[in-house]
Amino acid sequence: MAPAAPDTRSLPPGPTGPRVLTVSRFLLQPTRFVGECRERYGRLFTIRLSPGRTVVVAADAAVAKEVFTGDPALLHAGEGNVVLRPLLGPRSVLLLDGPEHLRQRRLMLPPFHGERMRGYGERMRAIADRHVAQWPVGEPFAVQRSMQAITLEVILRVVFGVEEPARVAQLSAPLRRLLDSTEQPWRLLALQLTRSEGARPRTPWGRVRRLLAPVDAMIYEEIAARRAELESGRPTRDDILTLLLSARDEDDQPLTDAELRDELMTLLLAGHETTATALTWTLERITRHPEVLARLEAEVGGEGADAYLDAVIKETLRLRPVVPAVVRKLQAPLTFGGWDLPAGVNIAPNIWLIHRDPALYPEPEAFRPERFLDRTPGTYEWLPFGGGIRRCLGASFALYEMRMVLSTILERTRLAPTTDAPEQVTRRFVTFSPASGGRVTITQRLTPAAAGSAAPQPRVPA
Ligand code: HEM
């Protein structure tokens, strides 16, 4: 018997028109739609997406705090990601809830500790340097593809520990095909729907199985190689996979190969597109704010430059949070923001709207990195990485990578400011992405020594 639908009659107000209209606006005009709902209905409003999916949206930092500090046993996040299961596998930390989630998360956390990231800086810079060297000079291009290539290579080298360039290339191609094939939400939905048809080659699921097979084989090869090195007693690597191989849970049990495979796919999927999009947004924002760009260019490489760059990254993630909301499904009746909500509904702290709350950020739409130089935002006021027991595992990794890649770009190129309108926000899977892929122009290349100097440098041929 199907579980009883929650009684949603006494939920916070929200749009009441035809459901198909709500769903299309939610998908196609995501920022305008939630902005209008906030105006009309207030800080808590209800969106009915389908009979089984009612979402109470919270545009309120205090409610976000209630959600993130609430009992994880009663607030499930994994269930909502079930659509990713064909790709990630059943043991992915993103899909689990309760004690199983906690076990995986505890095993995975130590390698992502903030301090550890420093050791990866040079590798991240070298990767960025190589890709930036291929950018055209003097003609506009969409930078997002290049950012995706950079962040994919960073994951392969730093997380998977692949070092040989030929192997990186060999792994990248099938991975790219797989990731591209699942970019659109409807494709993932089609996957779910056709899964029962097994491996019939012409179904979407059959197609993904074909793309997934060589990727899985290569991931298992990398696990075996790293394990062999570890067991040889002479491990020389500091990649995250090697550290995960040594991790032990409370019962002194390691992650199995199947668990490692699912977690590596998870890190790849959760960490590559998100960081590439955040980097693209940062360039989109700074090229539209010449004073910010000029300060970054003048300071790069100098003492204290990191503080301003970090503020720019924070301000970009405030105004263009790549993941605009997070969702928890209630396993029992709970109260949020004074509303008694029934089991079965979803509560969703809306990062996009909380980051635009004028009570937290005066003149919220203004791009002003200085606001983060003066003060550290509260835990529930700046939350591009979500919060609580599900907060992004890779937050330090992503912020450090962004700093490394952006400072490499600023050291190696001059970016042209633009008076073009801001790029529209478009939904790509669960992320908010720049509609034109972050079009930028670089006017010249710089030698490393020239960085930090505002004086024009001789042009080096592309
Ligand atoms: C700018 C880049 C990134 C953004 C904006 C971002 C954002 C997020 C958000 C919003 C969540 C959900 C948090 C919640 O439900 O409260 C999440 C979860 C996660 N992220 Fe990230 N992420 C980024 C980069 C990364 C990177 C680089 C990695 C790893 C290499 C990563 C790995 C994960 C994992 C494993 C989870 C699941 C955590 C759990 O369920 O316990 N992310 N991320």
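Q: Where does Cys 392 lie?
A: Cys 392 sits in the loop between α16 (371–374) and α17 (395–412). Helices here are DSSP runs (H or I, at least four residues), numbered from the N terminus. Keep in mind that this is a predicted model, where local features need pLDDT of at least 70 and side-chain atom pairs count only at pLDDT 80 or more, while totals for chains, interfaces and linings use all residues. Residues are numbered from 1 along each chain as its sequence is written, and side-chain values use heavy atoms, with hydrogens and water left out.

Q: What makes Cys 392 a donor to the iron atom of the ligand?
A: A donor is an N, O or S atom within 2.8 Å of the metal (3.2 Å for Na, K and Ca), and sites may look incomplete because water is not among the atoms. The SG atom of Cys 392 is 2.3 Å from the iron, so Cys 392 counts, and it's the single donor from the protein.

Q: Which residues come nearest to the ligand?
A: His 101, Arg 105, Arg 328, Arg 390 and Cys 392 do, out of 26 residues around it. "Around" asks for a heavy atom within 4 Å.

Q: Which element gives the most to the shell around the ligand?
A: That's α12, with six residues. The elements giving two or more are α5 (98–108), α12 (257–287) and α17.

Q: How are α6 and α7 packed?
A: Helix α6 (residues 121–132) and helix α7 (residues 144–159) pack at about 150°, axes 10 Å apart. Axes are lines fitted to C-alpha atoms over the stretch in contact, with angles from 0 to 180 degrees between N-to-C directions. Among the residues that meet (heavy atoms within 4.5 Å) are Met 124 in α6 and Ala 149 in α7.
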